[in-house]
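This report looks at charged side chains. It covers pairs and a surface patch.

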Amino acid sequence: MTQVFLPKGSLMLWNDNAITEHARSPLLVTVTRIENSKRMADGTMRRYVIASKYKWTCSWAFLPDQMVGTIDGKWSALEIENFYNTTPGAFTLKIEPLGPVTLTDGTHIVTTTVPHKLVVGNAIQLGTITTSTGISALTTYYVISTPTTTTLTLSATKGGSILAFVNNGTAASLARTYNVMFTEFGKDFSKRGKYTLCNVDVTMEEV
């Protein structure tokens with residue numbers, strides 16, 4: 001099991017709704033690798049990684065219950081709780097949007113301004129696209145190659161052929177996406193003033 005802390009500024013979006021950074025703790029990402037073991041003819045054990053499952057845990061302390069009371073005006077305690085109560089199944093989680101990115105016609109390469117840290121098979125979505133056609137914002141695409149730490153190519157399907165877009169252009173952002181479900185949610189009131197302040201805890205797991 002591997003654990004990674006994503007610091008404040010690692011913006012989260014749930015079904016494209018931005019979640020506040022107000023008083024948020026670092027986002028803990030736990031990666032569990034699902035393995036299959038097989039004993040070889042010489043008696044040694046060989047393990048194969050079948051898949052990796054992700055779990056995200058985060059919390060907010062003294063969070064205003066209304067988004068108008070947060071420092072960034074993004075979803076706060078009431079919106080988070082309402083989303084939890086009305087979303088019993090899977091939803092899309094986006095973390096750490098990168099942007100803007102450039103789209104190059106001919107080579108069909110997407111270039112980021114900082115290392116993207118993506119690998120083949122990762123699912124991503126782009127923000128608003130300018131000039132380029134044949135590629136759409138808020139549509140899930142899959143990484144099929146990473147020529148450098150700041151370049152990648154995409155496919156409309158996992159392991160499919162390269163996505164051939166037309167015209168050089170830009171996208172406002174690039175974010176890795178996951179299908180997740182809530183497995184834990186907790187909220188308690190800690191103080192009352194102009195806004196009710198809450199402590200909120202959320203756990204999401206990949207499905």
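Asp16 is partly exposed, with a relative accessible area of 36%. Here, buried means under 20% relative accessible area, exposed over 50%, and partly exposed in between (1.4 Å probe, protein chains only). This is a predicted model: local features need pLDDT of at least 70, side-chain atom pairs count only at pLDDT 80 or more, and totals for chains, interfaces and linings use all residues. Residues are numbered from 1 along each chain as its sequence is written, and side-chain values use heavy atoms, without hydrogens and water.

**Salt bridges**

The whole structure holds 3 salt bridges (a side-chain nitrogen of Lys or Arg within 4 Å of a carboxyl oxygen of Asp or Glu).

| Pair | Closest N to O |
|---|---|
| Asp16 and Lys94 | 2.5 Å |
| Glu81 and Lys187 | 2.6 Å |

Asp16 lies in the loop between strand 2 (12-14) and strand 3 (17-18), and its partner Lys94 in strand 6, 78 residues apart. Lys94 is buried at 5%. Helices (H or I, at least four residues) and strands (E, at least two) are DSSP runs, numbered from the N terminus.

Glu21 is buried at 15%. Arg24 is buried at 1%.

Glu81 in helix 1 and Lys187 in strand 14 are 106 residues apart. Glu81 is partly exposed at 23%, and Lys187 is partly exposed at 25%.

**Negative patch**

Glu184, Asp188, Asp201 and Glu205 form a surface patch of negative charge. Patch residues have over 30% relative accessible area and no salt bridge; like charges are joined within 9 Å, nonpolar side chains (Val, Leu, Ile, Met, Phe, Trp, Tyr) within 5 Å. Glu205 sits in strand 15 and is partly exposed at 33%.

Key:
Accessible areas come from the Shrake-Rupley method with a 1.4 Å probe; for residues, only the protein chains shown count as cover. Lys and Arg count as positive and Asp and Glu as negative; His and the chain ends are not counted. The place of a charge is taken as NZ of Lys, CZ of Arg, CG of Asp or CD of Glu.
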